[in-house]
Amino acid sequence: MHGRPRKAPKPEDTAASAAKAEKLRALQSQLLHNHHNRIYTKEALEISAKLLEANPESYTAWNYRKLAVEHNLKQSESDPDSVKSILSEELKVVLIQVENSLKHNFKSYGAWHHRQWILSKGHSSVDHELQLLDRFQKADSRNFHAWNYRRFVAALKGISDEEELKYTTKLIEANFSNYSAWHNRSVLLSRLLQNKVKGSFPKEKVLVEEFEFVHQALFTDPDDQSGWFYHLWLLDQTVKSETPLLVSSWPAHGSDIIISADGCLDGCAFSPFTSFISDAGTFPLILYFNEVVEGVSSSTVTVKSMFNVNKDLIWEPLATSNSCAAQAWVTHLNVPDGKLHPSTAYPIDVHLGNPQGIVSSNGSHCSHSSQFAFTVAVHPLNSEHAEKQGGKEMILWRDVNFRFYDAHIQESSLIVYFDLLSIEKDHEPAASKWHARILANEITLVRQLLSEIDCKIGKLTLARLLTAHDAMMPYMASHSHKKVHFAEVLQLYGDLIELDPMHHQYYKEALSMTLFQQHLRVTSNVENLLKHCCHHRVSSSSSVSNSTCLRLNNLSLSRIGCVKHLLWVQMLDLSRNELRSIDGLEALQLLSLLNLSHNKLSSFTALQPLRLLKLLKVLDISYNEIGAHPIDTRRYLCSSPLSHTVGSDWNFNEFVPEDAKVTNYWESFAIFRGLNLTQLDIVGNAVTDEKFKSFLFKVLPTLKWLDGEELH
């Protein structure tokens, strides 16, 4: 356990263990007999006490004692004095037994849970519990069971959070390396800050004091991680918004959306960010928040449109799990009739009129009212163009099929669009200067510490501080300032990968997020984005099509970030990266063409977000690692016939080859069913064979191209 090598047992130890096991078997047999026959006599309870003394982890014995207490109480419920006597005697016996169990193993889950159950009956001394906790926490001040129980006892006794905070200060000053005390301090301060208790407000004052307090631990022993973890929590409190905020949307505020049913936008001022091709008669309206929220509905969000009735709109959370909460939400608006009013721009207003109904996972209510507006125009159908489009060609992702934008021509329109895209700046607090001041001070102190000692977690903290500081800079901050920090953060993560190879994947993912943020830091450097935006043209034509592709290929990305800046994307190239997951892509509801080839996706369950991309037509997942790993650690996330997330429509006889294992097709069926793909590339994965291709033909009836070959 915990890195300790096993030692061969001595003969006498083996004999003692065998005798103990025999005793336990006998006691357990008697206990089960009494339990099944509902025997709750004094003798029966003594047997359970002996079993718990020998094995405090016997949950059945603890539950048996609960049933015995309830049984005896019920037998005497008409006589209050008798009830009191039974409880007093039984609780005395049980409390003594629990104390004995805790002396042998004070990390026993069952003992602590049973003690809490007894205390909740209201017939034992809370003061005695606090004294007991003091003894145990002196023996092991980091025992998280004791700390959990202390929170329960403190709430029962009505001890104030301020008093408990003083207690954590006392223990931390005695031992800086007390992870549990630091954790309890964060729990207490969270409540104090949220309730704005006297002495815990303003927030700036409290955070400054807490940073000064944790500095003592960091500078005393920089290699001890407990203080650094608390420092990370303080950093999170400094940079995060106190309430949920709407930070982005599609369509963006002030944009003029042009919708085409046939993909022909001749005569229009084409923009890849405001043009949308849809033959479904609807288009998505996407709201993106700064954190996961629930409660988005027609009662909390009002949409005013000539072609939609607000109460009829259904808002759906874009979550890969069966959750009613998500960071991105979508509803679908009706498209105006282009035949009746071609090219007429219709206004649509969106208002979070009842934001209090939108709640974050920690219970915070959205307190900011947000409003944005845009227009929608339908481009008239071009019958001649529609005929030409009837035999659309296969999409190729080669470099020759892309042409970069002319930065001089397009830059101004991009600046306007991305200035409109983000809504969060409307909610920037006037007091944001103190956030930046705290971060700047912490950066200086951590740099000072690193100049004296080479500390891995110190480097990691500095990288986080610099990233947070850049993110909080005003929107028009100079590009050169951000570039210096970006290079320093890259260097820090590079150093950490070399210093701590055991956690290289963690550092690579953090590095990936930094790269993503740099490439999509559009409000400060539009030129960066233009380097990745390309016109796409089909293979046999030299003319440029209306498809605009965001190419983020070959960037060593291992995670997807900055999703709030990607809501406009309809064609995305993420090939030749190191992606193991595509979490976040579910928010890209306009996405119809996606290239994920040459990554490190190891299973179909890693593709879960694709299930929510109803407009997806072209998908390239070739040359990944799907099927190459015998163990899929994400498989439990995927629907299967054994889960409660699927209905009676799992008719495998219709899809799976006769001599194939049904279990080999669960994940792929769950991902591909419901998609309307016309083109799929899956070659280069271990899972691909003729049987699997035959399965795909049946699951994807709309498929026209598979692995570069046209289907007939």
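Trainee: How many disulfides does the structure hold?

Mentor: Keep in mind that this is a predicted model. To call a disulfide, you look for two cysteine sulfur atoms within 2.5 Å. By that test, the structure holds zero disulfides. Take C533: the nearest cysteine sulfur belongs to C534 and sits 7.3 Å away, so with a cut-off of 2.5 Å C533 is in no disulfide.

Trainee: And is C533 buried or exposed?

Mentor: Buried means under 20% relative accessible area. C533 has a relative accessible area of 1%, so C533 is buried.

Trainee: Let's turn to the strands. In which sense do β4 and β7 pair?

Mentor: For pairing, you look for at least two bridges between two strands. Strand β4, residues 282-294, runs antiparallel to strand β7, residues 326-334, with eight bridges between them. One place to look is T282, which stands opposite N334 in β7.

Trainee: How many bridges join β6 to β7?

Mentor: Two, and these strands are antiparallel as well; β6 covers residues 316-317. There, P317 faces W329 of β7.

Trainee: Now a charged residue. Where is E442, and which side chain of opposite charge is nearest to it?

Mentor: E442 lies in helix α14, which spans residues 432-452. For a salt bridge, you want a side-chain nitrogen of Lys or Arg within 4 Å of a carboxyl oxygen. E442 is buried yet has none: the nearest side chain of opposite charge is R437, 11 Å away.

Trainee: What is E442 in contact with, then, beyond its neighbours within four places in sequence?

Mentor: Leaving those neighbours aside, E442 contacts F211, H215, H231 and L465.

Note on methods:
Residues numbered from 1 in each chain as written. Predicted model: local features only at pLDDT ≥ 70, side-chain atom pairs only at ≥ 80, totals over all residues. Heavy atoms only, no water. Buried < 20%, exposed > 50% of the residue type's maximum accessible area, 1.4 Å probe, protein only. Helix = DSSP H or I, 4+ residues; strand = E, 2+ residues; numbered from the N terminus. Lys, Arg positive; Asp, Glu negative; His and termini not counted. Contact = heavy atoms within 4.5 Å.
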